[in-house]
Amino acid sequence: MATLQAHNLFFSSSSSISSHRKLRAGLHVPSANLRTKGVSLPKIPQMISLQREELSLRDDNAATGCTHPQPMAPSNDELLVSKVYAVLGAIADRAEMHAIIGAQRNDWNHLLTGSINAITLTSSLMAGISSIPGGEAHFLAFKLSSVILFAAATGMMLITSKIQPSQLAEEQRNATRLWKQLGRSIETTFALRPPTELDIEDAMQKVIALDKAYPLPLLPGMLEKFPANVEPTQWWPKQQSRQQQAVNGMRRNGWSHELEEEMRGILRVLRMKDEEQYVRLGKLVLNINKSLATAGPLLAGLAAIGSGLIGSPALGPAPALVGVVGGVLAAAVNTLEHGGQVGMVFELFRNCAGFYRRLQEEIECNMGEKDEQRRENGELFEMKMALQLGRSLSDLKRLASYASPSCKDEEMEEFAGKLF
């Protein structure tokens with residue numbers, strides 16, 4: 001019995017050993033047989049993850065019925081940002097256009113002034129030469145040349161006085177500065193918070209108002225160079241109450257009774273002193289420019305008539321005197337008008353009056369809003385006002401005394417602005 005058990009145990013162990021060897025022989029495969037040239041097999045975990053992703057994509061496509069990914073529509077935020085960049089691109093383009101046209105019209109002013117003076121003085125010289133007794137051939141040649149040049153100078157003076165190149169150049173210079181300022185303000189606003197539809201609409205209104213205030217076309221569309229009434233230039237849309245979030249920790253959004261009194265004093269000084277001064281100076285310069293614009297072509301026209309009558313026995317030396325003196329005076333008037341850039345000075349005064357008018361509207365817009373939380377932050381508004389007027393904060397507070405009803409207009413000794 002023991003012999004039988006030992007015999008069974010021997011056969012079972014030998015069979016297990018042989019099966020173990022066969023299993024090892026079946027699993028032991030040379031690595032060279034599993035590789036081909038230039039091909040590497042992925043690891044099992046990577047294959048499993050790839051298969052899972054493929055299965056999930058198939059399930060999603062089967063559920064939705066789509067076999068290809070569809071392009072996604074832009075979100076509302078992306079659309080607003082695109083609108084902002086469109087507005088900024090238009091503003092940058094406008095600024096460059098005004099800068100180029102401003103340089104061109106400034107060149108016009110210098111070239112036309114020099115050309116008209118040269119033509120006028122040459123005509124005067126020819127008129128003087130033609131009055132000298134001499135041969136008939138020389139007399140007729142100089143006389144006709146003088147008349148033609150005087151007539152050309154008269155026409156050029158009329159055109160130049162109509163368009164006022166120096167004033168046009170000042171318009172474009174100021175427009176370039178305002179376009180760049182508008183672009184920086186929009187960039188700053190949207191850098192602090194995300195844009196909204198109201199912000200886009202407000203930016204569009206500012207662009208349209210600035211286009212209207214400083215048009216690019218020369219004719220038609222040019223601003224009136226000799227207006228009947230002098231009004232400050234307005235390059236901003238009508239001020240409306242702006243809803244802004246209150247600053248944390250400020251119960252009244254930075255506003256106080258003292259600050260309101262200070263703003264009332266500034267508003268009164270701006271209206272009674274600063275704006276009134278530049279409107280008055282603008283009217284004075286406008287009248288001077290009108291006189292010069294009329295006198296220049298008139299003198300040149302008289303010189304042309306006088307030059308044409310040179311040699312008349314009945315008139316004697318008077319035509320030559322009118323031709324020569326009239327031409328010299330016309331050149332002097334033209335130099336004073338366009339060389340002195342009287343039109344540019346008028347436009348400068350009108351823009352300064354517009355600058356102070358805009359500050360008034362900003363103060364009235366904030367003060368007219370009863371809800372203090374919807375106003376612009378008081379401390380920030382006070383600092384911006386001080387910077388625009390060229391004053392310190394302590395210096396700005398002194399203007400609050402002018403808000404008192406007991407203070408009369410003639411008692412105001414200083415202007416609100418110190419920059420100009």
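**Close-up 1. Helix α7 from end to end.** The 52 residues of helix α7 (residues 257-308) should span 76 Å at 1.5 Å a residue, and its end C-alpha atoms are 76 Å apart, which agrees. The expected span here is 1.5 Å times one less than the number of residues. Helices are DSSP runs (H or I, at least four residues), numbered from the N terminus. A kink of about 40° is centred on Leu270 in α7; the bend at a residue is the angle between axes fitted to the seven residues ending there and the seven starting there.

A note for all the views: this is a predicted model, in which local features need pLDDT of at least 70 and side-chain atom pairs count only at pLDDT 80 or more, while totals for chains, interfaces and linings use all residues. Residues are numbered from 1 along each chain as its sequence is written, and side-chain values use heavy atoms, with hydrogens and water left out.

**Close-up 2. Helix α7 beside helix α10.** The axes of α7 and α10 (residues 378-389) come within 11 Å and cross at roughly 30°; axes are lines fitted to C-alpha atoms over the stretch in contact, with angles from 0 to 180 degrees between N-to-C directions. That makes α7 roughly parallel to α10 (angles under 35 degrees count as roughly parallel, over 145 as roughly antiparallel, 65 to 115 as roughly perpendicular and the rest as oblique). Look for Leu259, Glu262, Met263, Ile266 and Leu270 of α7 meeting Gly378, Phe381, Glu382, Met385 and Leu389 of α10, where contact means heavy atoms within 4.5 Å. The residues of this contact divide into seven nonpolar, one polar and two charged. In these classes, Ala, Val, Leu, Ile, Met, Phe, Trp, Tyr, Cys and Pro count as nonpolar, Asp, Glu, Lys and Arg as charged, and the others, Gly among them, as polar.

**Close-up 3. Helix α9 beside helix α10.** Here α9 and α10 pack at an angle of about 170°, with their axes 12 Å apart. That makes α9 roughly antiparallel to α10. From α9 come Phe355, Tyr356, Arg358, Leu359, Glu362, Ile363 and Asn366, and from α10 come Phe381, Met385, Gln388 and Leu389. By class, the contact has seven nonpolar, two polar and two charged residues.

**Close-up 4. Helix α5 beside helix α9.** With axes 6 Å apart, α5 (residues 165-192) and α9 (residues 342-367) pack at an angle of about 35°. The contact of α5 with α9 has four nonpolar, five polar and five charged residues.

Technical notes
Helices (H or I, at least four residues) and strands (E, at least two) are DSSP runs, numbered from the N terminus.
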